[in-house]
Amino acid sequence: MTVLALDFETANERRDSACAVGLAWIADGRVIRRESHLIRPPEMRFSPGNIRVHGILPANVADAPDFATAMAPYLGDLRRGLILAHNASFDIGVLRAGLVRAGLPVPDFSYLCTVQIARRVFPAPEGCGLGKVARRLGIRFEHHDAGEDAYACAEIALAAMREREAADVHALAAALGLPITRATGGPAVPRRAPGAISGRAMAAFPQTPAALRFAMRGSTGNRYDVSFEERPGGPQLRCTCTAGRFGVRCRHVKALEVGDITDLLSDNAADVLLLARMLGAKAHVAGAA
Ligand SMILES: [Zn+2]
């Protein structure tokens, strides 16, 4: 299973104001990949207190991608993997709030907080803030840079695994008696058939569902085509894979519904965002009814 550390910086006190993200993947006892990006928040309102923490100014993010665009390449790993974060309720909250603000559906996320890990494995009177734990462990990093913070978070988990001789993060969590938290997605199950788009939601978007077609890579490398077909509850995505042909909302359809482009073969990532927004708008309308 993919395990990755996640860290956000925000422009102001709102959870949906992410202005930077850092990610660090771990496997085989080490950090194997790092990514960090600036994000243009929906409002260009930067609180002085937040700027003091991360040093990111409005001018730095004026040309950065918005939340949905910046996060699209990582939603697959975040959705299917185990997320590590230092004070995870904050970063998971930012992730969820950013998706909601972008009009995207919120998938379920599994996560583990490295503050909880550090308190059990590396306790100290000074506490278990990211900078303090990293200093105690000799992890060198630039605090409050999202990419560096995610890296430090990953290294704390790795140090705890070595300390407790745990084979992986799941074994570490079990040894420490720390449950892996499952944050369930939302909005609540719509009353309409799942995956169907309401007329009101469609009216808000320029493109008709019939124009949206996607090619997806299956687990064995096969190419499947996903497009809309008319159903009694409204247009619904149908996939040409085996499950899809039996009318099942297969994993290719589910990935597209949440804006996950990991297995997208067709060159239309922007259409995936549009689709996910249509479905998010539908769920919102249905949930408000
Ligand atoms: Zn499929």
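Which residues coordinate the zinc ion? I started there and found Cys239 (SG), Cys241 (SG), Cys250 (SG) and His252 (ND1), at 2.0 to 2.3 Å. Donors here are N, O and S atoms within 2.8 Å of the metal (3.2 Å for Na, K and Ca), and water is not among the atoms, so sites may look incomplete.

A note on the source: this is a predicted model, where local features need pLDDT of at least 70 and side-chain atom pairs count only at pLDDT 80 or more, while totals for chains, interfaces and linings use all residues. Residues are numbered from 1 along each chain as its sequence is written, and side-chain values use heavy atoms, with hydrogens and water left out.

Next I checked the geometry. The 4 donor atoms make angles of 106 to 113°, and the zinc site is tetrahedral (for four donors, all angles between 85 and 135 degrees). Helices (H or I, at least four residues) and strands (E, at least two) are DSSP runs, numbered from the N terminus. Both cysteine 239 and histidine 252 are buried (under 20% relative accessible area, 1.4 Å probe, protein chains only).

Then I turned to the largest nonpolar core, which has 35 residues. Such a core is a set of buried Ala, Val, Leu, Ile, Met, Phe, Trp, Tyr and Cys residues joined through side-chain atoms within 4.5 Å. Ile26, Leu84, Leu112, Ile117 and Val169 have the most contacts inside it. Helix α8 gives the largest share, 11 residues.

Note on methods: Tetrahedral: all angles 85-135°; square planar, octahedral: opposite > 155°, others 65-115°. Buried < 20%, exposed > 50% of the residue type's maximum accessible area, 1.4 Å probe, protein only.
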